[in-house]
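Here are a few notes to read alongside the coordinates.

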Amino acid sequence: DTDRSRGLGDVYKRQSLLGGMKRCINPLLMNEATLRDILEFRIALEIGISNNIFSNLTPQDIEELEQIVEMSQVIGNNKYAPISEHRFHTKLYEITGNRIISEFQDIIYPVLDFVKEKYRDFFEPIEQELIQNCELVTHRHLLEYIKRGDLEGYKHAIVEHFKLYTIYLCLLYTSPSPRDRSVS
């Protein structure tokens, strides 16, 4: 794409590297293996960006995260309304300063919402057990580590934040037939 400005010649817009991917991702058309792979990728990405978050963090970022957490509509101990969940993690991605990471969040988010809804009956008992064992890490917990500048604590907490999904993924890997996982 180009923009023509009078007297300036051609001005090229920065292309979206993931634009094509965004247009063709439809969770309804994905098999179980693809859904699992995207979930695993998201967990790995969130853990992997921890150093970038702490390196680029500004007082304004902390203030914005505080506002997001305060305004979040919690519909359970770690169940946020989809907009609240998206805003918190999108802000973390933005803090990295990496445009592709931020863009990828918008692409995979519908897939993650689909997985949460599709496997809700599976997730709820695990979530209840995490709550009973005081092992559930919320956005508020993550924010506290960020505010204290505790990178190592945050890394541990983000792993625990995704514990529900890692339990799910571990159970998938130990199911009797791997072939069953690759068929939708």
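In which hand does H8 pass H9 in their crossing? The points below start there.

1. The crossing of H8 past H9 is left-handed (the near helix is turned anticlockwise from the far one by less than a right angle). A word on provenance: this is a predicted model, where local features need pLDDT of at least 70, side-chain atom pairs count only at pLDDT 80 or more, and totals for chains, interfaces and linings use all residues. Residues are numbered from 1 along each chain as its sequence is written, and side-chain values use heavy atoms, with hydrogens and water left out.

2. The axes of H8 and H9 (residues 151-161) come within 9 Å and cross at roughly 170°. The two helices are therefore roughly antiparallel (angles over 145 degrees, on a scale from 0 to 180 degrees between N-to-C directions). Helices here are DSSP runs of H or I with at least four residues.

3. On the H8 side, the contact with H9 is made by His139, Leu142, Tyr145 and Ile146, and on the H9 side by Gly153, Tyr154, Ala157, Ile158 and His161 (contact means heavy atoms within 4.5 Å). Sorted by class, that gives six nonpolar, three polar and no charged residues; Gly counts as polar in this scheme.

4. H8 (residues 139-148) also packs against H4 (residues 59-71), with axes that come within 10 Å and cross at roughly 160°. That makes H4 roughly antiparallel to H8, and this crossing is left-handed. Ile62, Leu65, Glu66, Val69 and Glu70 of H4 meet His139, Arg140, Leu143, Ile146 and Lys147 of H8. By class, the contact of H4 with H8 has five nonpolar, one polar and four charged residues.

5. Do have a look at Ser50, which sits in helix H3 (residues 50-56). Ser50 is buried, with a relative accessible area of 0% (buried means under 20%, with a 1.4 Å probe and protein chains only). Beyond its neighbours within four places in sequence, Ser50 is in contact with Leu151, Tyr154, Lys155 and Ile158. Ser50 and Ile158 are 108 residues apart along the chain, yet their C-alpha atoms are separated by 8.6 Å.

6. Finally, the largest nonpolar core has 42 residues, and Leu39, Leu92 and Tyr154 have the most contacts inside it (such a core joins buried Ala, Val, Leu, Ile, Met, Phe, Trp, Tyr and Cys residues through side-chain atoms within 4.5 Å). Helix H6 (residues 99-118) supplies the largest share of this core, seven residues. Setting aside neighbours within four places in sequence, Leu39 is in contact with Leu112, Val115, Tyr165, Tyr168 and Leu169.

Technical notes. Parallel < 35°, antiparallel > 145°, perpendicular 65-115°, else oblique. Buried < 20%, exposed > 50% of the residue type's maximum accessible area, 1.4 Å probe, protein only.
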